[in-house]
Each structure stands twice: as structure tokens, then as C-alpha cells.
Amino acid sequence: MADYIAPVADIDFTLNQIVELDDVSKLDGFQHLDQDTIRGLISEAGRFYSEVIAPLNRVGDQQGSVLQPDGTVKTPDGFKEAYEKYVEAGWAAAHIPETYGGGGLPYTVGIVFQEMFKSANMAFSLCPLLTQAAIEALIAHGSDEQRDTYLGKLVTGEWTGTMCLTEPEAGSDVGALRTKAVRQPDGTYRLTGTKIFITWGEHDMAENIIHLVLARTPGSAPGTKGISMFIVPKYLLDDDGNPTIRNDVNVVSLEHKLGIHASPTCVLSFGDGGDGAVGYLIGEEQRGMRYMFTMMNTARLGVGIEGLAISEASFQKALAYAQERRQGRAIGAPVTETSPIVEHPDVRRMLLTMKAYIEAMRGLLYTTAKEVDLSRHADTEDERTRAGEIVALLTPVAKAWCTDRGVEMASLGIQIHGGMGYIEETGAPQHFRDSRIAPIYEGTNGIQAIDLVLRKLPMRDGEVVKELFAEIGRTAAELEAHDDFARFRTELSAGLQALAEASEWLGRRLEAGEYNEALAGATPYLEMFGTVTGGWIMAKSALAARQLLDAGGGDDAFLRAKLATARFYGEQLLPKATALLPAITAGTSTLYQADPAALGP
Amino acid sequence: MQVVVCAKQIPDPATPYELEPDTHLLVRPTEQILDDTDRYGVEMGLQLAQASEGTVTLVSMGPAGNMQGIRQALAMGADKAVIVDDPSLRGSDALTTARVLAEVIKREGFDLVIAGTESTDGYSGVVPQMVAELLGVPALTYATAVTAGDGSVTIHRQTAAGYDIVEADLPAVVSVTAGVVEPRYPTFKGIMEAKKKPVETLSVSDLGLEPDIRQKVVSVEPAPERQAGEIVEDDGEAYLRIVELLEKVKVI
């Protein structure tokens with residue numbers, strides 16, 4: 001079978017039945033985008049990712065990107081040619097505003113493209129993802145001249161971008177970074193320092209790489225407040241605007257990683273050769289961290305998508321294998337036959353678990369993406385603010401909950417294959433290895449949980465969270481009209497009640513200034529939050545599928561499968577949410593009871 | 001050069017299909033794709049037209065549905081499309097199809113007509129030759145390479161042994177095999193522009209034709225299960241049996 005087939009029907013159902021993309025398409029600037037056009041774009045893009053990008057996933061894993069003796073980085077066979085096709089086809093630019101030479105699609109459709117790219121080849125997809133972040137930074141904070149100079153080729157994908165934040169002593173604590181930037185009489189800066197974990201920091205697919213670098217100017221405030229952001233191109237532009245002058249940015253080494261081997265993770269040295277690498281300040285000095293925040297939600301959603309994308313790719317392999325592989329005899333099968341393993345209840349359970357979580361993740365991520373569109377384009381200031389609040393609230397949940405599920409689902413994907421799942425040839429182990437980075441980068445999932453509890457829960461005195469809960473409650477009430485959703489409704493209401501209780505408990509700790517008590521339960525709280533909002537999405541899915549089935553004329557088998565996965569989620573996965581309440585409300589009591597030294601051997 | 005490419009929308013072979021119980025005809029979904037075979041024809045047409053600053057017109061017959069398949073070909077770069085969609089053409093035989101296509105092609109005018117050798121759903125493999133006959137122009141078939149210009153067209157015609165070089169004066173009809181050229185992927189811009197390109201939908205009466213369909217599907221049987229292969233035990237003389245089998249399938 002093909003390495004990956006874009007799940008166009010599922011995507012279409014999520015966009016139109018759960019997320020109601022029409023709310024975005026009717027806004028100014030998107031009115032030319034009817035459902036058929038969007039469907040056509042998605043299916044053509046899907047074909048491209050499936051036929052051009054997915055076949056390179058395995059070779060990318062095996063060969064990896066390799067540092068050459070001359071300091072360049074060679075990407076795996078076929079990557080350069082495929083990237084060229086990607087740029088030519090114009091997919092890179094599709095969801096950038098038309099003003100900047102993009103295709104002007106909503107962000108929500110852009111996120112669909114991201115999903116397909118990441119399912120096809122996660123390591124490869126990181127190059128455009130980072131470029132996207134650089135584009136957003138320049139659009140939001142660059143000067144007109146900087147936009148004119150750099151945006152055009154970044155948007156087409158002819159140049160790629162990076163985000164250089166991390167240093168050996170500055171990881172989650174960005175404020176500890178030490179890279180130095182000194183202003184020159186001509187207004188440019190000279191940067192010196194070392195950055196690590198720079199994704200696609202050097203490669204052979206584009207004629208120039210635009211690094212966005214966080215650094216400190218002399219005399220700046222300590223911590224995150226004193227950080228500034230700079231453009232540091234690999235090649236500086238000559239008088240004709242051509243990238244011909246090599247800047248002093250060099251790869252020191254590439255990391256040897258558990259997964260995403262095709263993605264070169266670079267140690268970059270700035271200004272090693274003398275006076276420093278030439279950099280151009282974005283906006284004002286000491287505002288770099290604030291600028292970073294404008295990209296944070298979309299960058300985090302982009303990583304959340306990886307949890308979904310890997311699960312989908314892993315599921316497709318597992319399902320195909322389970323249908324083909326015969327082993328043992330299912331209860332009731334003729335004695336003379338061995339059964340395809342998909343007939344065994346435990347294998348069914350694993351497959352349904354994967355499929356149900358995949359649908360819940362897709363719904364949650366696309367819903368958040370739609371709110372991103374509404375926060376930018378809704379008609380009134382009030383609607384935009386409201387949408388922005390939902391984005392802020394759901395982003396840490398979407399990032400952490402989906403990437404945690406991604407690792408779990410990739411692991412289930414292996415389990416379904418049995419012994420073969422442990423063998424690299426099946427491709428299942430690669431998904432597992434690739435998935436493992438997503439809970440770590442772009443803010444670890446622990447940090448997402450802190451963000452949810454400390455920053456998001458208290459938004460508008462807790463009203464933002466309460467409004468979402470009320471919305472979930474309304475969907476739960478709609479389930480009441482259908483007998484076969486009775487248990488689903490009970491579980492969704494119970495989950496919601498537990499979530500409200502947990503939120504109140506945490507809220508009280510925060511009010512009392514007992515931050516550590518609240519943070520001790522942050523991770524299980526995020527998991528509960530994700531599980532219940534996933535239930536909300538699946539309830540919407542069930543209601544939509546039921547309505548379409550009753551109306552008739554649709555694809556009945558597809559819709560009945562939607563009902564089955566929704567009910568499976570509601571009745572068998574959602575109940576796990578309430579069980580998290582004791583862990584959330586236990587506070588630090590047991591965590592700090594034992595001396596860490598006493599925990600060791 | 002004015003190039004006409006015959007293109008067909010078919011149900012996605014990857015999705016389940018249904019036959020009508022009484023007529024045994026395929027139930028056509030609204031959503032259809034461009035027949036993969038035709039991607040080669042469209043690409044070939046685009047390359048020849050682009051080299052001569054010509055145009056590519058798509059000619060199609062069948063239920064239009066939401067035109068997704070036609071839009072895919074337009075997104076690759078074809079200039080316009082004409083599709084004949086008429087209930088009276090349901091279950092059309094190859095000759096009727098050829099008559100309809102030839103009539104549209106005549107109306108549109110052409111230097112060169114390109115078609116796939118056969119469709120992925122019907123597989124009759126005779127329509128291009130029939131169209132040529134009806135248009136009164138030469139048919140050059142099974143092309144694995146095509147060059148055209150200066151009033152003539154030359155192809156490599158695939159044979160069992162290799163290929164023949166076949167040349168004819170234009171206008172002509174050429175049928176191309178899969179792999180004649182590598183079809184391009186539609187670009188994002190191409191897909192957006194395809195929405196605005198002219199697509200004309202005609203009925204049979206618009207063409208002044210009266211369909212005379214003489215083919216009927218009498219019955220449909222499931223394809224026979226694949227038989228188990230033969231196991232040849234080597235008692236020292238197995239090679240004789242293997243040679244015999246290879247001769248039987250005419251590979252030696």
C-alpha cells in the first residue's frame with residue numbers, strides 16, 4: 001500500500017460538520033472559497049504529499065541529514081528535488097496573506113496542509129514550519145524594508161527560516177541566554193554566541209537561510225525582558241539584492257537524535273571567525289520576547305498537529321496490517337480458517353482507540369485553528385477578542401494533549417503489528433521515534449500545563465474557562481434527544497462536572513497564593529481538560545453524523561463509522577477523565593514527602 | 001497548435017462503488033476524479049501546446065457531477081473544457097462515445113487530438129481509433145513518445161518487441177500510454193485559476209445527434225478468485241516443466 005493516503009473524507013467531515021468552516025469562508029477576504037474549492041485544494045495537496053513527500057519518509061530516517069567536511073549539510077536523497085516541487089506547486093505560500101504574495105487561504109486550511117505534510121514526513125515538514133514562524137515574525141514586527149527584502153522569497157519557500165532561541169544554558173528558561181549583539185555605527189549589529197537545537201539550521205534545499213536570533217544587547221535588562229530579536233541571513237545580500245556574501249554563521253555539529261533524522265538539528269556558531277555575524281534588529285531593542293509571543297500560539301498548534309499527524313500515519317499502517325495479517329482463529333470463525341487479526345477483540349479495541357483519539361484531536365486542533373482565523377478576521381472587535389481568548393485557552397491543551405496522544409498512538413500502532421511492530425521494515429517504529437520529540441519542543445508539555453493553570457485558567461477571572469464549559473454543557477444537552485447517546489451524555493456531563501470541580505479547586509489555590517499546590521496537579525489537569533474537550537468534539541461529531549444519516553443521501557457506511565468511534569470515545573475513553581480528579585487535587589502532599597535522595601537506589 | 005485532449009471523469013477507484021441492480025450500470029457519485037490515464041494525455045497536450053504557443057481544450061463525455069475531475073485537468077493548465085452530459089447517453093457503447101466526442105472536436109477545431117489508450121473504468125481501448133475514423137484523420141496509437149510540429153506528428157508506437165516510429169501529417173489523433181511524459185502536479189495558483197476557466201456543458205441535442213446505443217450489460221459476475229499457483233518439486237527434471245511453462249506464456 002501507499003505510505004500515506006490523505007484522509008480527505010475525514011478532514012472534510014471535520015471541517016464542515018464539526019468545525020463549520022463556513023463561519024470563516026463567509027468573512028471578508030475568504031468569500032471566493034466555497035466548499036468545492038477547498039475540497040479540491042485539499043485533495044490535490046493530499047495527492048502531492050502522498051505521492052511526492054511520503055515516499056521519502058523512510059529514506060530520510062535511514063540516511064538522515066549529514067554534516068559534510070566542508071561545513072555544509074547534505075539532506076537525504078530526494079529531499080532537495082521534492083522541496084523544489086513543493087515550492088513550484090506553491091503549497092508553501094498557500095495560507096500566507098495575499099498582501100505578502102501568499103495564497104490567502106484561511107489558517108484553518110493551512111493547518112490541514114500541515115497535518116498532511118506531517119503525516120507524510122514529519123522531519124521534512126519542520127523546514128516549512130520554521131519558515132512559517134519566521135514569516136509571521138517579519139509580518140508582525142519587521143520594518144517595511146525588512147519585509148520587502150526577506151518576505152517574498154520566504155513566502156514562496158525559495159529561502160527558508162529558522163528560530164534561534166535555545167543555548168546550552170538557556171532551554172525552557174530562555175531568559176538565561178547569553179548571545180551578544182553589539183550595535184555598529186551603520187545601525188547593523190554584530191552577533192557572537194552559540195545556539196543549539198536549531199531545526200533545519202543548515203541544509204542544501206534553499207539558496208538562503210534567514211535565521212531569526214534572540215540575543216542580548218550590552219546593558220540590557222536581565223531575564224526575558226532584555227532580549228532582542230535579529231535577522232541574521234546565512235548569505236547577506238549584495239548591491240543587486242542577491243545572496244552572495246557569506247555571513248559568519250556556521251554549523252558546529254548535528255545532533256544524533258531518537259527520531260526525525262532527516263531534520264538537521266544544528267549547533268550554530270555566530271561570529272566565530274572574528275567581529276561577529278551581521279544582524280539586523282527587528283523592531284526595538286529589548287522587545288524580542290514580546291515578539292516571540294505573537295508566533296507562540298500558531299507555533300504550538302503546529303506542533304500539536306504533529307501528535308495528530310503521526311497518529312494518523314501510524315493508524316493507516318496498523319489498520320492495513322490488521323486486515324491482512326492472519327493469526328489465530330477469532331471466536332466463531334470456521335475451524336478451518338485463521339482469522340485476520342482485525343477480528344480479535346483486543347486488536348479492534350486498539351484500532352478503535354487510535355481512530356477515536358485521531359478524530360477527537362483533529363476536531364480540537366481544527367476548532368482552535370478556526371478561532372485563530374476568527375481572532376484575526378471576525379467582523380467586530382468583540383468577536384475577535386472572544387476568539388483570541390479561546391485560542392489562548394485551547395492552545396496549551398491542543399499542543400500537550402495531542403502530542404502526548406501521538407506518542408501513545410504510535411506505540412499502539414506498534415502493538416497492533418505484534419512482533420513485526422518492533423521491526424523497522426514495517427515503518428511503525430519510525431513513527432514512534434519521530435513522535436517522541438513533540439511533547440518536548442516548542443514548550444515542554446509540563447510548561448503547557450503550567451501555562452494552562454497559571455495564565456489561562458485565571459483569564460477574565462475564570463470566565464473564559466466557564467464560557468467554554470457552558471458551551472460543552474449545551475452540546476451535552478443536545479445528546480439527550482437520542483436514546484443511543486444516553487451513556488455518552490452521562491459520561492460527558494460527569495467529565496464536565498469533574499473538570500469544573502478541578503478548575504475551582506485550582507482557582508482557589510491560586511487565589512490563596514499556593515502556586516506549588518496548583519502546579520503539582522497541572523499535568524493531570526491538562527489531561528483531563530483535553531479528554532473532556534475531546535469528548536465535546538466527539539459529541540458534535542456524533543450529532544452531525546446522526547443528523548446526516550437521518551437526512552439520508554450521504555455515505556451511510558462512513559457516517560455509521562463516525563457514530564461508532566464517537567460512542568466508543570464517549571463511553572470508553574472519556575470516563576478516564578473523572579479518575580484524574582484525585583491526582584489534580586492532591587496538591588504537593590506526596591510529591592515532596594520523600595527526600596529525592598531517598599528515592600534513589 | 002490547437003490541441004484537443006479527451007479526458008474522462010471516473011469514480012475514485014480507491015472508494016467503494018455500486019452497480020444499479022437492473023441495468024448493471026455504475027452509480028456515478030457527484031465527486032469524481034480525473035482518470036489517471038488522462039493525466040498523461042493532458043500533460044502531453046500541455047507540453048505540445050506550450051511549445052507552439054497553442055491551446056489545450058478538454059473534451060469529455062459523462063455525468064458532470066461537481067466537475068472535480070475536469071477542474072483537476074484545468075488546474076494542470078488546460079485552457080477550457082467542453083463536457084457532454086446527457087441522461088440519454090447512460091450506458092453508452094464505444095461507438096456512441098466516439099461519435100459524441102468527434103462531434104464536439106469538430107465543432108472546437110483541432111490540429112491534434114490526444115487521448116489515453118483506454119479508460120480506467122471502461123477499458124474498451126477502441127475510442128481513440130474510432131474518433132480518428134469519424135474525423136477522417138490518421139490514428140497513431142500506443143505512443144510512448146510524441147513530437148509534433150511543421151504540420152506533422154511523430155510517435156514511438158509501443159510494440160511487443162520495442163517500438164515503431166510512426167509519422168503522419170496533421171491533423172491527427174494520437175493515443176498515449178501511461179508514462180509517455182511525467183504529469184505535473186497542479187499548482188496552488190493553477191487550482192485557483194481553474195475555477196474561473198470556461199467549462200461548457202452540452203446535451204446531445206445541442207450537437208444534433210441521436211444516440212443509438214447498441215450495447216447492453218447482460219450480467220455481472222464477481223472476478224474469479226485467484227487460483228493457487230503450481231508447485232514444481234525438483235526431482236532433477238523440474239527445469240523442463242519450467243521451460244514448458246515459460247513457453248506457454250510466450251516469454252521464451
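## A helical pair in chain A

Lys466(A) is partly exposed, at 48% relative accessible area. Here buried means under 20% relative accessible area, exposed over 50%, and partly exposed in between (1.4 Å probe, protein chains only). Glu463(A) is also partly exposed, with 34% relative accessibility. The two side chains form a salt bridge, 3.9 Å from N to O. A salt bridge is a side-chain nitrogen of Lys or Arg within 4 Å of a carboxyl oxygen of Asp or Glu. Glu463(A) and Lys466(A) are about one helical turn apart, because three residues separate them in helix 14 (residues 463–479) of chain A. Helices (H or I, at least four residues) and strands (E, at least two) are DSSP runs, numbered from the N terminus.

## Basis of the model

The model is predicted; local features need pLDDT of at least 70, side-chain atom pairs count only at pLDDT 80 or more, and totals for chains, interfaces and linings use all residues. Residues are numbered from 1 along each chain as its sequence is written, chains are lettered from A and ligands numbered from 1 in the order written, and side-chain values use heavy atoms, without hydrogens and water.

pLDDT is the predictor's confidence in each residue, from 0 to 100. Chain B averages 92, and 100% of its residues score at least 70. For the complex, the predictor gives an ipTM of 0.86 and a pTM of 0.93.

## Other salt bridges

Over all chains, the structure holds 52 salt bridges. One of them joins Lys234(A) and Glu202(A), with the closest N and O atoms 3.0 Å apart. This pair links distant parts of the chain, 32 residues apart. Lys234(A) sits in the loop between strand 7 (227–233) and strand 8 (235–237) of chain A. Glu202(A) lies in the loop between strand 5 (189–199) and strand 6 (208–216) of chain A. Lys234(A) is buried at 7%, and Glu202(A) is buried at 5%.

Arg47(A) and Glu51(A) form another bridge, 3.6 Å from N to O. They are four residues apart in helix 3 of chain A, so about one helical turn separates them. Arg47(A) is buried at 18%, whereas Glu51(A) is partly exposed at 42%. Salt bridges also link Asp10(A), Lys355(A), Glu359(A) and Lys562(A) in a network.

## The interface

Chain A gives 22 residues to the contact and chain B gives 13. Contact means heavy atoms within 4.5 Å. The buried area is about 1,500 Å², with 58% from carbon and sulfur atoms. Buried area is the accessible area (1.4 Å probe) that two parts lose on being put together, summed over both. Two salt bridges cross the interface. Lys195(B) and Asp34(A) meet in a salt bridge at 3.8 Å, N to O. On the side of chain A that touches chain B, helix 3 (35–53) and helix 5 (79–89) of chain A are the elements that give two or more residues. Helix 3 of chain A has the largest share, eleven residues.

Arg39(B) belongs to helix 1 (residues 36–51) of chain B. Arg39(B) is buried, at 5% relative accessible area. Beyond its neighbours within four places in sequence, Arg39(B) contacts Glu44(A), Arg47(A), Leu34(B), Gln72(B), Met76(B) and Pro183(B).

## Chain B overall

Chain B has six helices and eleven strands. Its C-alpha atoms fill a box of roughly 70 × 50 × 40 Å along the principal axes. Of its 252 residues, 42% are buried.
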